[in-house]
Amino acid sequence: MIKVDGQKDYQGAYAERVQNRQAAHQMMEGRKDASAERVKEAMEKTKASGGNYDSFSASEEAKNFLNGESQKADSSKKMSEFAEYTKIYKDERIAKAQDSFWKNTGKQYLVFSQKLNESGFFDSMSDKEVRETESILRTITKGMDSLSNAWYLTGQGPSGADGKGYTLPTSYEARMELESSVAALIYFGETCIEDEGLRKEFEGLANDYYAHNTEVLNEYANPVEQMDKAVSRFHANSQSGLCNDLFAKAASQNSDRVSYSKYMGGVTHTKEEEQQYRKELSGLFGQLKQNSFGQADIWRQIQNTMLNYATNGGGSKLIREQVLAGAWDSFSRMEDCWSLLLNKE
């Protein structure tokens, strides 16, 4: 993985271009101001020595000479005026992270952008092309970035500082989004990076990204899923006579929701089943990038794979419809991502 040092945090190739232009502009403005002041001083000294001049002009070479060494200090001052990006973390491991993906929790696309930028990938691109390329990378990692942003309270990332407009995915939705994003990163490398060495390094980063986010998901616990498990356990206890009246009252007030929680909270999976789920999704996303004419059918297969895993192949029609409806945000993010990748020129 890329290691980070004490230097200023990388904010993206396009942001870096803008900052460099701003710095250059500020340096030029500072140079003009300094030159004008020195010319004024020279005129005052000339008059004081007895010279009688109505006007005074200086060549660009003279201005540059007059500006001289002082401009170096001015340049350093101007560059330091760019404020460092401040992060507020809940997790000390993230705050003190040296690993690139932990350090960029909530904006992991920057790890890939930085690799490409340092390798000269963006050098021949226009500003528009750089923005579009980074937008694709941002869209690819958006699902996992948003989850990490919300889960670790980083106060940054695609879901926004306050998390508005983002709903935490279920565990099975999140694992699906991870498989999608890794497949999309590999596809990006295959179709956008011509240099074989850089492409292999990029794919290596994609593998690191997968390992990092697998660790995140192993820590992640969707609160609604936890509530469903509690309702399911409560129902099991009520069947044995414990808290029967209380459960019956809750069930009568929201029977559909209670029925959903009773069933979904009782679904469990073995490690082998989870691995098989990932394998099936990985294969389907692999088909998605190879079959431009059968995408609708592949998306249906992805939906069915998620649905069957989430419900353990069972559940009523209403429950299965609720599971599918709940996954709308995840499918929207994934379809936006693959639409950008598959339809780009």
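Student: How many helices and strands does the secondary structure of the chain come to?
Tutor: The model under discussion is predicted. Its chain has 345 residues, of which 39% count as buried. The secondary structure comes to 16 helices and 0 strands.

Student: Which residues have the most contacts inside the largest nonpolar core?
Tutor: In soluble globular proteins, nonpolar side chains tend to be buried together. The largest nonpolar core here has 64 residues, and its largest share, 11 residues, comes from helix 8 (residues 171-192). The residues with the most contacts inside this core are F285 and W338.

Student: Why do the rings of F121 and F122 count as an edge-to-face pair?
Tutor: The model holds 13 aromatic pairs by the rule applied. The ring centres of F121 and F122 are 5.4 Å apart, and planes over 60 degrees apart count as edge-to-face. The pair is edge-to-face because the angle between its planes is 80°.

Student: Is F121 buried or exposed?
Tutor: F121 is found in the loop between helix 6 (109-118) and helix 7. Beyond its neighbours within four places in sequence, F121 is in contact with L116, T133, C192, I193 and L198. The cut-off for a buried residue is under 20% relative accessible area. F121 has a relative accessibility of 16%, so it counts as buried.

Student: What is the relative accessible area of F122?
Tutor: Among the residues that F122 touches is R17, whose place is in helix 1 (residues 13-48). F122 is buried, and its relative accessible area is 1%.

Student: What is the angle between the planes of F285 and W338?
Tutor: F285 and W338 are both buried. Their rings form an aromatic pair with a distance of 6.3 Å centre to centre. The pair is stacked, and the angle between the planes is 10°.

Student: How many residues apart in sequence are the parts that the pair of F285 and W338 ties together?
Tutor: F285 lies in helix 13 (residues 271-290), whereas W338 lies in helix 16 (residues 328-343). The pair therefore ties together parts whose separation in sequence is 53 residues.

Student: At what angle do helix 13 and helix 16 pack?
Tutor: Two packed helices are described by the angle between their axes and the distance between the axes. At this contact, F285, L288 and K289 in helix 13 meet M334, W338 and L342 in helix 16. The crossing is right-handed. The axes of helix 13 and helix 16 are 10 Å apart, and the packing angle is about 35°.

Student: How far apart in space are R17 and D127, C-alpha to C-alpha?
Tutor: R17 touches F122, D123, M125, S126, D127 and V130, apart from residues up to four places away in sequence. R17 and D127 are 110 residues apart in sequence. In space, C-alpha to C-alpha, their separation is 8.2 Å.

Student: Is S148 buried or exposed?
Tutor: The place of S148 is in helix 7 (residues 127-151). Neighbours within four places in sequence aside, S148 is in contact with T105, G106, Q108, L153, T154, N213 and V216. Its relative accessibility is 1%, so S148 counts as buried.

Student: What is the relative accessible area of E177?
Tutor: E177 is placed in helix 8. Apart from neighbours within four places in sequence, the contacts of E177 are G143, M144, P169, S330, R333 and M334. E177 is buried, with a relative accessible area of 6%.

Student: Which residue lies over the face of Y14?
Tutor: The distance from the ring centre of Y14 to the residue over its face is 5.1 Å. That residue is R131.

Definitions and conventions
Residues are numbered from 1 along each chain as its sequence is written. This is a predicted model: local features need pLDDT of at least 70, side-chain atom pairs count only at pLDDT 80 or more; totals for chains, interfaces and linings use all residues. Side-chain values use heavy atoms; hydrogens and water are left out. Rings of Phe, Tyr and Trp (its six-membered ring) pair if their centres lie within 6.5 Å; planes under 30 degrees apart count as stacked, over 60 as edge-to-face and the rest as tilted. Buried means under 20% relative accessible area, exposed over 50%, partly exposed in between (1.4 Å probe, protein chains only). Helices (H or I, at least four residues) and strands (E, at least two) are DSSP runs, numbered from the N terminus. A charge sits over a ring if NZ of Lys or CZ of Arg is within 6 Å of the ring centre and within 35 degrees of the ring normal. A nonpolar core is a set of buried Ala, Val, Leu, Ile, Met, Phe, Trp, Tyr and Cys residues joined through side-chain atoms within 4.5 Å. Axes are lines fitted to C-alpha atoms, for helices over the stretch in contact, and angles run from 0 to 180 degrees between N-to-C directions. A crossing is left-handed if the near helix is turned anticlockwise from the far one by less than a right angle, and right-handed if clockwise. Contact means heavy atoms within 4.5 Å.
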